[in-house]
Amino acid sequence: MVVGPAGDGLAQTEESVRAVGGTVVQSWPQIGVVVASSTDPAFAAAVRQQPGVEQAGASRNLAEQLPPAQSNRLETLEGTANGVGTFGVDGEEPLEADQWDLPQIKADQANAISQGSKDITVGVLDYGIDPTHPDLAPNLDVSKSVSCVNEGVPDPNQEAWQPQDPTQDHGTHVSGTIAAARNGVGVAGVAPNVSLASVRVIDDGGFIYPEYAICGFIWAAEHGFDVTNNSYFVDPWYLWCDSDPDQKAAAEAVRRAVAYAEGHDVVNVVSAGNSNWDLSQPIHDTNSPNNGGPTQDRHTGPDCRILPGELPGVVSVSAVGVNAVKSYYSNYGIGSISVTAPGGDARQIPQTPSANGRILSSVPGGGWGWMQGTSMAGPHAAGVAALLRSTHPDWTAQQVIGALADQSDPLPCPKDYDGDGDGVVDAVCTGGATGAGFYGAGLIDALDAVTE
(Lines give C-alpha, C1' and ligand atoms only; values in the text may rest on other atoms or scores of the structure.)
Protein backbone atom coordinates (compact mmCIF):
# COMPACT_ATOMS: atom_id res chain seq x y z
CA MET A 1 0.00 0.00 0.00
CA VAL A 2 1.45 3.36 -1.09
CA VAL A 3 -0.01 6.63 0.20
CA GLY A 4 0.54 9.93 -1.56
CA PRO A 5 -1.27 13.15 -2.38
CA ALA A 6 -4.87 12.98 -3.55
CA GLY A 7 -5.88 14.18 -7.00
CA ASP A 8 -3.51 14.76 -9.91
CA GLY A 9 -0.50 14.53 -7.62
CA LEU A 10 -0.97 10.78 -7.35
CA ALA A 11 0.47 10.39 -10.86
CA GLN A 12 3.90 11.12 -9.36
CA THR A 13 3.29 8.43 -6.73
CA GLU A 14 2.46 5.92 -9.45
CA GLU A 15 5.60 6.85 -11.35
CA SER A 16 7.67 6.37 -8.20
CA VAL A 17 6.20 2.91 -7.74
CA ARG A 18 7.34 1.97 -11.25
CA ALA A 19 10.72 3.62 -10.79
CA VAL A 20 11.70 1.11 -8.10
CA GLY A 21 10.34 -1.92 -9.94
CA GLY A 22 6.78 -2.03 -8.65
CA THR A 23 3.53 -2.55 -10.54
CA VAL A 24 0.48 -0.36 -10.03
CA VAL A 25 -2.46 -2.71 -9.45
CA GLN A 26 -5.13 -0.21 -8.44
CA SER A 27 -5.10 3.53 -7.92
CA TRP A 28 -7.54 5.78 -6.08
CA PRO A 29 -6.67 9.44 -6.78
CA GLN A 30 -9.80 10.36 -4.80
CA ILE A 31 -7.91 9.53 -1.59
CA GLY A 32 -4.28 9.40 -2.73
CA VAL A 33 -3.78 5.63 -2.39
CA VAL A 34 -2.09 3.13 -4.71
CA VAL A 35 -2.11 -0.65 -4.44
CA ALA A 36 1.25 -1.82 -5.77
CA SER A 37 2.92 -5.20 -6.10
CA SER A 38 6.56 -6.19 -6.15
CA THR A 39 8.61 -9.34 -5.64
CA ASP A 40 11.39 -7.32 -4.01
CA PRO A 41 11.35 -7.58 -0.19
CA ALA A 42 12.97 -4.16 -0.03
CA PHE A 43 10.33 -2.51 -2.20
CA ALA A 44 8.46 -0.76 0.61
CA ALA A 45 11.62 0.75 2.06
CA ALA A 46 12.77 1.86 -1.39
CA VAL A 47 9.52 3.45 -2.50
CA ARG A 48 9.24 5.40 0.77
CA GLN A 49 12.25 7.42 -0.38
CA GLN A 50 10.69 8.39 -3.71
CA PRO A 51 8.96 11.68 -4.59
CA GLY A 52 5.20 11.76 -4.18
CA VAL A 53 5.25 9.04 -1.53
CA GLU A 54 4.08 9.93 1.96
CA GLN A 55 3.85 6.42 3.40
CA ALA A 56 4.24 2.87 2.11
CA GLY A 57 4.04 -0.62 3.52
CA ALA A 58 2.92 -4.20 2.99
CA SER A 59 -0.83 -4.53 3.41
CA ARG A 60 -0.62 -8.18 4.39
CA ASN A 61 1.75 -10.54 6.13
CA LEU A 62 4.10 -12.01 3.56
CA ALA A 63 4.59 -15.37 5.26
CA GLU A 64 2.97 -18.44 3.76
CA GLN A 65 -0.75 -17.87 4.00
CA LEU A 66 -2.59 -20.40 6.12
CA PRO A 67 -6.17 -20.55 7.41
CA PRO A 68 -6.49 -18.47 10.60
CA ALA A 69 -5.65 -20.54 13.66
CA GLN A 70 -8.16 -18.56 15.70
CA SER A 71 -11.03 -16.60 14.22
CA ASN A 72 -11.95 -13.26 15.73
CA ARG A 73 -15.28 -13.38 13.94
CA LEU A 74 -16.67 -16.13 16.21
CA GLU A 75 -20.00 -16.49 14.41
CA THR A 76 -20.88 -20.06 13.51
CA LEU A 77 -23.93 -21.56 11.90
CA GLU A 78 -25.60 -23.46 14.72
CA GLY A 79 -28.62 -24.91 12.95
CA THR A 80 -31.27 -24.41 10.33
CA ALA A 81 -34.97 -23.70 10.45
CA ASN A 82 -37.77 -24.16 7.93
CA GLY A 83 -39.64 -21.02 7.04
CA VAL A 84 -41.22 -21.08 3.57
CA GLY A 85 -44.98 -20.88 3.39
CA THR A 86 -47.66 -19.29 5.50
CA PHE A 87 -47.50 -16.26 7.74
CA GLY A 88 -46.92 -16.69 11.44
CA VAL A 89 -49.23 -15.58 14.22
CA ASP A 90 -50.87 -12.16 13.80
CA GLY A 91 -49.23 -11.45 10.47
CA GLU A 92 -45.69 -12.29 11.61
CA GLU A 93 -43.22 -14.03 9.36
CA PRO A 94 -43.15 -17.82 9.85
CA LEU A 95 -39.92 -17.77 11.90
CA GLU A 96 -40.39 -14.41 13.56
CA ALA A 97 -41.42 -15.94 16.90
CA ASP A 98 -37.80 -17.02 17.33
CA GLN A 99 -36.43 -13.56 16.50
CA TRP A 100 -36.15 -12.34 20.09
CA ASP A 101 -33.86 -9.61 18.80
CA LEU A 102 -36.62 -7.69 16.99
CA PRO A 103 -38.79 -6.90 20.04
CA GLN A 104 -35.66 -6.20 22.08
CA ILE A 105 -35.03 -3.12 19.91
CA LYS A 106 -38.78 -2.54 19.17
CA ALA A 107 -38.30 -3.31 15.49
CA ASP A 108 -41.58 -5.23 15.37
CA GLN A 109 -43.43 -2.13 16.60
CA ALA A 110 -41.47 0.09 14.23
CA ASN A 111 -42.41 -2.05 11.23
CA ALA A 112 -46.09 -1.51 11.96
CA ILE A 113 -45.41 2.17 11.24
CA SER A 114 -42.64 2.04 8.65
CA GLN A 115 -40.63 -0.70 6.98
CA GLY A 116 -38.22 1.72 5.38
CA SER A 117 -37.93 3.20 1.91
CA LYS A 118 -36.74 1.40 -1.20
CA ASP A 119 -34.84 4.61 -2.01
CA ILE A 120 -32.44 3.89 0.88
CA THR A 121 -29.53 1.59 0.04
CA VAL A 122 -27.56 -0.37 2.63
CA GLY A 123 -24.28 -1.73 1.32
CA VAL A 124 -23.27 -5.00 2.96
CA LEU A 125 -19.46 -5.22 2.89
CA ASP A 126 -19.01 -8.92 3.51
CA TYR A 127 -18.86 -12.38 1.84
CA GLY A 128 -21.58 -11.47 -0.65
CA ILE A 129 -25.36 -11.90 -0.63
CA ASP A 130 -27.16 -14.93 -2.05
CA PRO A 131 -29.14 -13.28 -4.89
CA THR A 132 -31.69 -16.11 -5.03
CA HIS A 133 -32.65 -16.16 -1.36
CA PRO A 134 -36.44 -15.62 -1.12
CA ASP A 135 -36.09 -13.25 1.84
CA LEU A 136 -33.43 -11.09 0.15
CA ALA A 137 -34.04 -11.16 -3.60
CA PRO A 138 -36.94 -8.66 -3.38
CA ASN A 139 -34.61 -6.03 -1.90
CA LEU A 140 -31.28 -6.77 -3.59
CA ASP A 141 -30.05 -4.16 -6.08
CA VAL A 142 -27.71 -6.10 -8.36
CA SER A 143 -26.83 -2.93 -10.29
CA LYS A 144 -25.03 -1.56 -7.22
CA SER A 145 -23.33 -4.82 -6.22
CA VAL A 146 -19.62 -5.52 -6.71
CA SER A 147 -16.67 -7.66 -5.70
CA CYS A 148 -13.50 -6.03 -4.34
CA VAL A 149 -11.43 -9.15 -3.62
CA ASN A 150 -9.26 -9.03 -6.74
CA GLU A 151 -6.58 -6.77 -5.21
CA GLY A 152 -9.18 -4.05 -4.66
CA VAL A 153 -10.16 -3.82 -8.33
CA PRO A 154 -13.97 -3.52 -8.59
CA ASP A 155 -15.74 -6.36 -10.44
CA PRO A 156 -19.51 -5.89 -10.86
CA ASN A 157 -20.15 -9.35 -12.33
CA GLN A 158 -22.62 -11.35 -10.24
CA GLU A 159 -20.48 -14.47 -10.20
CA ALA A 160 -17.76 -12.36 -8.52
CA TRP A 161 -19.84 -10.77 -5.74
CA GLN A 162 -22.17 -13.59 -4.76
CA PRO A 163 -21.11 -16.27 -2.21
CA GLN A 164 -19.10 -19.04 -3.84
CA ASP A 165 -20.36 -21.88 -1.63
CA PRO A 166 -22.74 -22.46 1.31
CA THR A 167 -19.96 -22.00 3.87
CA GLN A 168 -19.71 -18.33 2.84
CA ASP A 169 -22.88 -17.61 4.77
CA HIS A 170 -21.85 -14.56 6.78
CA GLY A 171 -22.98 -11.83 4.37
CA THR A 172 -26.32 -13.47 3.64
CA HIS A 173 -27.02 -13.82 7.37
CA VAL A 174 -26.09 -10.19 8.04
CA SER A 175 -28.29 -9.04 5.16
CA GLY A 176 -31.36 -10.83 6.49
CA THR A 177 -31.06 -9.01 9.80
CA ILE A 178 -30.93 -5.69 7.98
CA ALA A 179 -33.62 -6.14 5.36
CA ALA A 180 -35.24 -9.58 5.03
CA ALA A 181 -38.55 -8.81 3.35
CA ARG A 182 -41.88 -9.21 5.11
CA ASN A 183 -43.22 -11.50 2.40
CA GLY A 184 -44.62 -14.53 4.19
CA VAL A 185 -41.28 -16.35 4.02
CA GLY A 186 -38.77 -17.04 6.77
CA VAL A 187 -37.71 -14.09 8.93
CA ALA A 188 -38.14 -10.33 9.02
CA GLY A 189 -35.43 -7.70 8.85
CA VAL A 190 -35.17 -4.56 10.95
CA ALA A 191 -35.86 -2.45 7.82
CA PRO A 192 -37.62 -4.95 5.53
CA ASN A 193 -38.31 -2.59 2.64
CA VAL A 194 -34.93 -0.90 2.13
CA SER A 195 -32.58 -1.83 -0.69
CA LEU A 196 -29.48 -3.97 -0.25
CA ALA A 197 -26.25 -4.00 -2.25
CA SER A 198 -23.71 -6.81 -2.05
CA VAL A 199 -20.12 -5.57 -1.76
CA ARG A 200 -17.82 -8.56 -1.45
CA VAL A 201 -14.74 -7.76 0.64
CA ILE A 202 -13.97 -11.23 2.03
CA ASP A 203 -11.96 -13.54 -0.21
CA ASP A 204 -12.23 -17.32 -0.49
CA GLY A 205 -9.60 -17.68 2.24
CA GLY A 206 -11.78 -15.72 4.66
CA PHE A 207 -9.55 -12.61 4.72
CA ILE A 208 -10.38 -8.92 4.42
CA TYR A 209 -7.20 -7.16 3.37
CA PRO A 210 -6.98 -3.35 3.41
CA GLU A 211 -7.34 -2.95 -0.34
CA TYR A 212 -10.62 -4.90 -0.27
CA ALA A 213 -12.12 -2.65 2.40
CA ILE A 214 -10.84 0.51 0.68
CA CYS A 215 -12.47 -0.55 -2.57
CA GLY A 216 -15.74 -1.20 -0.70
CA PHE A 217 -15.88 2.19 1.00
CA ILE A 218 -15.07 4.07 -2.20
CA TRP A 219 -17.67 2.06 -4.12
CA ALA A 220 -20.26 2.93 -1.47
CA ALA A 221 -19.35 6.61 -1.65
CA GLU A 222 -19.58 6.77 -5.42
CA HIS A 223 -22.74 4.69 -5.89
CA GLY A 224 -25.09 6.55 -3.64
CA PHE A 225 -25.17 4.24 -0.63
CA ASP A 226 -26.87 5.64 2.46
CA VAL A 227 -25.51 3.13 5.00
CA THR A 228 -22.77 0.51 5.01
CA ASN A 229 -22.58 -2.48 7.32
CA ASN A 230 -19.07 -3.67 8.15
CA SER A 231 -19.17 -6.86 10.23
CA TYR A 232 -15.45 -7.57 10.06
CA PHE A 233 -12.01 -6.41 11.07
CA VAL A 234 -9.28 -5.78 8.51
CA ASP A 235 -6.72 -8.60 8.30
CA PRO A 236 -4.09 -9.72 9.01
CA TRP A 237 -3.48 -7.57 12.10
CA TYR A 238 -6.04 -7.59 14.88
CA LEU A 239 -4.75 -4.11 15.69
CA TRP A 240 -2.82 -1.88 13.30
CA CYS A 241 -0.04 0.14 14.95
CA ASP A 242 1.45 3.43 13.78
CA SER A 243 4.82 2.42 15.24
CA ASP A 244 5.17 -0.06 12.37
CA PRO A 245 5.59 1.71 9.00
CA ASP A 246 3.84 -1.08 7.08
CA GLN A 247 0.83 -1.10 9.38
CA LYS A 248 0.76 2.69 9.55
CA ALA A 249 0.53 3.08 5.77
CA ALA A 250 -2.28 0.57 5.38
CA ALA A 251 -4.19 2.05 8.32
CA GLU A 252 -3.90 5.53 6.84
CA ALA A 253 -5.21 4.24 3.51
CA VAL A 254 -8.26 2.67 5.17
CA ARG A 255 -8.82 5.80 7.26
CA ARG A 256 -8.87 7.91 4.11
CA ALA A 257 -11.37 5.56 2.45
CA VAL A 258 -13.72 5.69 5.45
CA ALA A 259 -13.43 9.48 5.57
CA TYR A 260 -14.17 9.62 1.83
CA ALA A 261 -17.37 7.63 2.34
CA GLU A 262 -18.30 9.81 5.30
CA GLY A 263 -17.70 12.88 3.15
CA HIS A 264 -20.19 11.47 0.65
CA ASP A 265 -22.84 11.29 3.37
CA VAL A 266 -22.58 7.56 4.09
CA VAL A 267 -23.33 6.21 7.58
CA ASN A 268 -20.69 3.53 8.23
CA VAL A 269 -21.74 0.97 10.85
CA VAL A 270 -18.97 -1.29 12.19
CA SER A 271 -18.95 -4.28 14.53
CA ALA A 272 -16.74 -3.80 17.60
CA GLY A 273 -15.12 -7.26 17.58
CA ASN A 274 -15.33 -10.51 19.50
CA SER A 275 -12.23 -10.74 21.73
CA ASN A 276 -13.73 -9.40 25.00
CA TRP A 277 -11.12 -6.66 24.84
CA ASP A 278 -11.40 -3.33 26.63
CA LEU A 279 -10.50 -1.16 23.66
CA SER A 280 -9.81 1.83 25.91
CA GLN A 281 -6.87 0.02 27.54
CA PRO A 282 -3.57 -1.46 26.27
CA ILE A 283 -4.19 -4.84 24.68
CA HIS A 284 -2.05 -7.98 24.71
CA ASP A 285 -2.29 -9.31 21.15
CA THR A 286 -0.94 -12.83 20.65
CA ASN A 287 -2.78 -13.71 17.43
CA SER A 288 -1.42 -11.31 14.81
CA PRO A 289 -0.80 -11.72 11.98
CA ASN A 290 -3.58 -14.23 11.40
CA ASN A 291 -2.76 -15.35 7.85
CA GLY A 292 0.47 -17.22 8.42
CA GLY A 293 3.08 -17.51 11.12
CA PRO A 294 4.86 -16.64 13.12
CA THR A 295 2.42 -14.66 15.22
CA GLN A 296 3.74 -11.88 17.40
CA ASP A 297 3.39 -11.52 21.14
CA ARG A 298 2.93 -7.78 21.50
CA HIS A 299 1.48 -5.30 23.95
CA THR A 300 -0.29 -2.63 21.96
CA GLY A 301 -0.87 0.94 23.08
CA PRO A 302 -2.80 4.03 21.99
CA ASP A 303 -1.09 4.08 18.59
CA CYS A 304 -2.82 0.80 17.70
CA ARG A 305 -6.43 0.33 16.60
CA ILE A 306 -8.87 -2.16 15.15
CA LEU A 307 -9.77 -1.35 11.55
CA PRO A 308 -12.29 -0.04 10.76
CA GLY A 309 -13.96 -0.24 14.19
CA GLU A 310 -11.85 2.43 15.89
CA LEU A 311 -11.65 4.94 13.07
CA PRO A 312 -13.17 8.42 13.40
CA GLY A 313 -16.75 8.83 12.23
CA VAL A 314 -17.87 5.19 12.29
CA VAL A 315 -20.70 3.80 14.41
CA SER A 316 -19.03 1.09 16.52
CA VAL A 317 -21.49 -1.50 17.83
CA SER A 318 -21.06 -3.89 20.76
CA ALA A 319 -23.29 -6.91 21.31
CA VAL A 320 -25.82 -7.96 23.94
CA GLY A 321 -27.72 -11.18 24.47
CA VAL A 322 -31.39 -11.81 25.15
CA ASN A 323 -31.06 -10.43 28.70
CA ALA A 324 -29.75 -7.11 27.32
CA VAL A 325 -26.39 -7.72 29.00
CA LYS A 326 -23.05 -7.58 27.17
CA SER A 327 -22.38 -10.75 25.21
CA TYR A 328 -19.46 -12.65 26.74
CA TYR A 329 -17.29 -12.21 23.64
CA SER A 330 -18.05 -8.58 22.79
CA ASN A 331 -15.32 -5.97 22.80
CA TYR A 332 -16.09 -2.89 24.89
CA GLY A 333 -14.45 0.23 26.31
CA ILE A 334 -15.38 3.73 27.37
CA GLY A 335 -15.19 6.05 24.38
CA SER A 336 -14.78 3.10 21.99
CA ILE A 337 -18.41 1.98 21.62
CA SER A 338 -21.12 4.09 19.98
CA VAL A 339 -24.20 1.95 20.68
CA THR A 340 -25.10 -1.65 21.43
CA ALA A 341 -27.47 -4.08 19.70
CA PRO A 342 -28.53 -7.74 19.82
CA GLY A 343 -25.65 -9.97 18.77
CA GLY A 344 -26.63 -13.15 20.55
CA ASP A 345 -25.13 -15.04 23.44
CA ALA A 346 -25.65 -18.78 23.81
CA ARG A 347 -25.32 -18.34 27.57
CA GLN A 348 -28.38 -16.08 27.66
CA ILE A 349 -31.27 -18.34 26.59
CA PRO A 350 -34.64 -16.86 25.57
CA GLN A 351 -37.93 -18.42 26.69
CA THR A 352 -39.07 -19.67 23.28
CA PRO A 353 -39.34 -23.26 22.11
CA SER A 354 -36.60 -23.36 19.47
CA ALA A 355 -34.53 -20.19 19.77
CA ASN A 356 -31.12 -20.71 21.36
CA GLY A 357 -29.86 -17.27 22.35
CA ARG A 358 -28.29 -16.64 18.96
CA ILE A 359 -29.59 -14.55 16.05
CA LEU A 360 -31.82 -16.23 13.47
CA SER A 361 -31.45 -14.99 9.90
CA SER A 362 -31.06 -16.05 6.28
CA VAL A 363 -28.28 -18.29 4.93
CA PRO A 364 -27.30 -19.23 1.37
CA GLY A 365 -29.40 -21.78 -0.46
CA GLY A 366 -32.73 -20.40 0.70
CA GLY A 367 -32.42 -21.43 4.33
CA TRP A 368 -32.21 -19.85 7.76
CA GLY A 369 -29.80 -20.41 10.63
CA TRP A 370 -28.45 -19.06 13.92
CA MET A 371 -25.23 -17.14 14.49
CA GLN A 372 -23.78 -14.95 17.23
CA GLY A 373 -21.18 -12.21 17.32
CA THR A 374 -20.82 -8.46 17.11
CA SER A 375 -21.19 -9.21 13.39
CA MET A 376 -24.84 -9.82 14.18
CA ALA A 377 -25.14 -6.68 16.32
CA GLY A 378 -23.85 -4.32 13.64
CA PRO A 379 -26.61 -5.08 11.10
CA HIS A 380 -29.30 -4.34 13.67
CA ALA A 381 -27.82 -0.85 14.02
CA ALA A 382 -27.46 -0.56 10.24
CA GLY A 383 -31.15 -1.43 9.90
CA VAL A 384 -32.15 1.24 12.41
CA ALA A 385 -29.91 3.75 10.60
CA ALA A 386 -31.75 2.82 7.38
CA LEU A 387 -35.10 3.46 9.10
CA LEU A 388 -33.82 6.84 10.27
CA ARG A 389 -32.70 7.74 6.75
CA SER A 390 -36.11 6.60 5.43
CA THR A 391 -37.99 8.68 8.00
CA HIS A 392 -35.78 11.75 7.57
CA PRO A 393 -34.48 11.70 3.97
CA ASP A 394 -33.22 15.27 4.34
CA TRP A 395 -30.94 14.44 7.28
CA THR A 396 -27.18 14.22 6.82
CA ALA A 397 -25.19 11.19 7.86
CA GLN A 398 -24.01 13.06 10.95
CA GLN A 399 -27.58 13.84 11.95
CA VAL A 400 -28.50 10.17 11.57
CA ILE A 401 -25.53 9.08 13.67
CA GLY A 402 -26.45 11.61 16.33
CA ALA A 403 -30.08 10.46 16.41
CA LEU A 404 -29.05 6.80 16.57
CA ALA A 405 -27.19 7.58 19.79
CA ASP A 406 -29.71 10.04 21.21
CA GLN A 407 -32.61 7.64 20.72
CA SER A 408 -30.80 4.66 22.27
CA ASP A 409 -31.97 3.39 25.64
CA PRO A 410 -29.20 3.50 28.30
CA LEU A 411 -28.30 0.21 29.95
CA PRO A 412 -26.64 0.36 33.38
CA CYS A 413 -23.40 -1.45 34.09
CA PRO A 414 -24.01 -4.99 35.33
CA LYS A 415 -22.62 -5.79 38.76
CA ASP A 416 -19.59 -8.11 38.84
CA TYR A 417 -19.86 -9.04 35.18
CA ASP A 418 -19.04 -12.72 34.56
CA GLY A 419 -19.77 -13.28 30.91
CA ASP A 420 -18.47 -16.84 30.58
CA GLY A 421 -19.98 -18.15 33.81
CA ASP A 422 -16.74 -19.32 35.39
CA GLY A 423 -17.22 -17.33 38.59
CA VAL A 424 -14.52 -14.81 37.72
CA VAL A 425 -15.20 -11.17 36.85
CA ASP A 426 -13.81 -10.93 33.33
CA ALA A 427 -14.78 -7.44 32.18
CA VAL A 428 -15.12 -4.15 34.03
CA CYS A 429 -17.89 -1.81 32.91
CA THR A 430 -17.36 1.92 33.34
CA GLY A 431 -20.08 4.53 33.29
CA GLY A 432 -22.28 3.37 36.14
CA ALA A 433 -25.95 4.00 35.34
CA THR A 434 -25.08 4.92 31.75
CA GLY A 435 -23.17 1.69 31.10
CA ALA A 436 -21.17 3.57 28.47
CA GLY A 437 -18.13 1.30 28.75
CA PHE A 438 -20.13 -1.71 27.61
CA TYR A 439 -22.95 -0.11 25.66
CA GLY A 440 -21.96 3.36 24.45
CA ALA A 441 -25.11 5.49 24.30
CA GLY A 442 -27.22 2.39 24.92
CA LEU A 443 -29.45 -0.15 23.17
CA ILE A 444 -30.66 1.04 19.78
CA ASP A 445 -34.37 1.84 19.44
CA ALA A 446 -36.08 1.18 16.10
CA LEU A 447 -39.44 2.56 17.23
CA ASP A 448 -37.97 5.97 18.00
CA ALA A 449 -36.32 5.93 14.59
CA VAL A 450 -39.71 5.99 12.84
CA THR A 451 -41.65 8.18 15.31
CA GLU A 452 -39.31 10.95 16.48
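Student: In this predicted model, in which loop is P308 found?

Tutor: The model is a predicted one. A cis peptide bond joins L307 and P308, with omega about 0 degrees. P308 itself is found in the loop between β14 (304-305) and β15 (315-320).

Student: What is the omega of the cis peptide bond that joins S288 and P289?

Tutor: Most peptide bonds are trans. P289 lies in the loop between β12 (283-288) and β13 (296-300). The bond that joins S288 to P289 is cis, and its omega is about -10 degrees.

Student: Is E151 buried or partly exposed?

Tutor: E151 sits in the loop between β6 (146-150) and β7 (153-155). Although E151 is not a glycine, its phi is positive, at about 60 degrees. Buried requires a relative accessible area under 20%. Because the relative accessible area of E151 is 31%, E151 is partly exposed.

Student: What is the phi of D265?

Tutor: D265 is placed in the loop between α8 (245-263) and β11 (267-271). At 33% relative accessibility, D265 counts as partly exposed. D265 is not a glycine, yet its phi is positive, at about 70 degrees.

Student: At what angle do helix α6 and helix α9 pack?

Tutor: Two packed helices are described by the angle between their axes and the distance between the axes. For α6 (residues 170-179) and α9 (residues 374-391), the axes are 8 Å apart and the angle is about 35 degrees.

Student: How many charged residues does the contact of α6 with α9 have?

Tutor: The crossing of α6 and α9 is right-handed. On the α6 side the contact is made by H170, H173, V174, T177 and I178, and on the α9 side by S375, M376, P379, H380, A382 and G383. By class, five of these residues are nonpolar and six are polar, and the number of charged residues is none.

Student: Which residue has a side chain joined to that of N274 by a polar contact of 2.7 Å?

Tutor: N274 is found in the loop between β11 and β12. At 8% relative accessibility, N274 counts as buried. The side chain at the other end of this 2.7 Å polar contact belongs to T374.

Student: How many residues apart in sequence are the parts tied together by C148 and C215?

Tutor: A disulfide joins C148 to C215, with an S to S distance of 2.1 Å. C148 lies in strand β6 and C215 in helix α7 (residues 210-222), so the pair ties together parts whose separation in sequence is 67 residues.

Student: Is the link of C241 and C304 left-handed or right-handed?

Tutor: C241 and C304 are joined by a disulfide with an S to S distance of 2.0 Å. Both C241 and C304 are buried. The torsion about their S-S bond is 115 degrees, and the link is right-handed.

Student: Why is the disulfide of C413 and C429 left-handed?

Tutor: The sulfur atoms of C413 and C429 are 2.2 Å apart. C429 is buried, with a relative accessible area of 15%. The disulfide is left-handed because the torsion about the S-S bond of C413 and C429 is about -70 degrees.

Student: What pattern do the disulfides of the chain follow?

Tutor: The structure holds three disulfides. With bonded cysteines counted along the chain, the pattern is 1-2, 3-4, 5-6.

Note on methods: Residues numbered from 1 in each chain as written. Predicted model: local features only at pLDDT ≥ 70, side-chain atom pairs only at ≥ 80, totals over all residues. Heavy atoms only, no water. Helix = DSSP H or I, 4+ residues; strand = E, 2+ residues; numbered from the N terminus. Buried < 20%, exposed > 50% of the residue type's maximum accessible area, 1.4 Å probe, protein only. Axes fitted to C-alpha atoms, helices over the stretch in contact; angles between N-to-C directions. Left-handed = near helix turned anticlockwise from the far one by under 90°. Contact = heavy atoms within 4.5 Å. Nonpolar A, V, L, I, M, F, W, Y, C, P; charged D, E, K, R; others polar. Polar contact = N/O pair within 3.5 Å; in protein donor to acceptor, adjacent residues only side chain to side chain. Disulfide = S-S within 2.5 Å.
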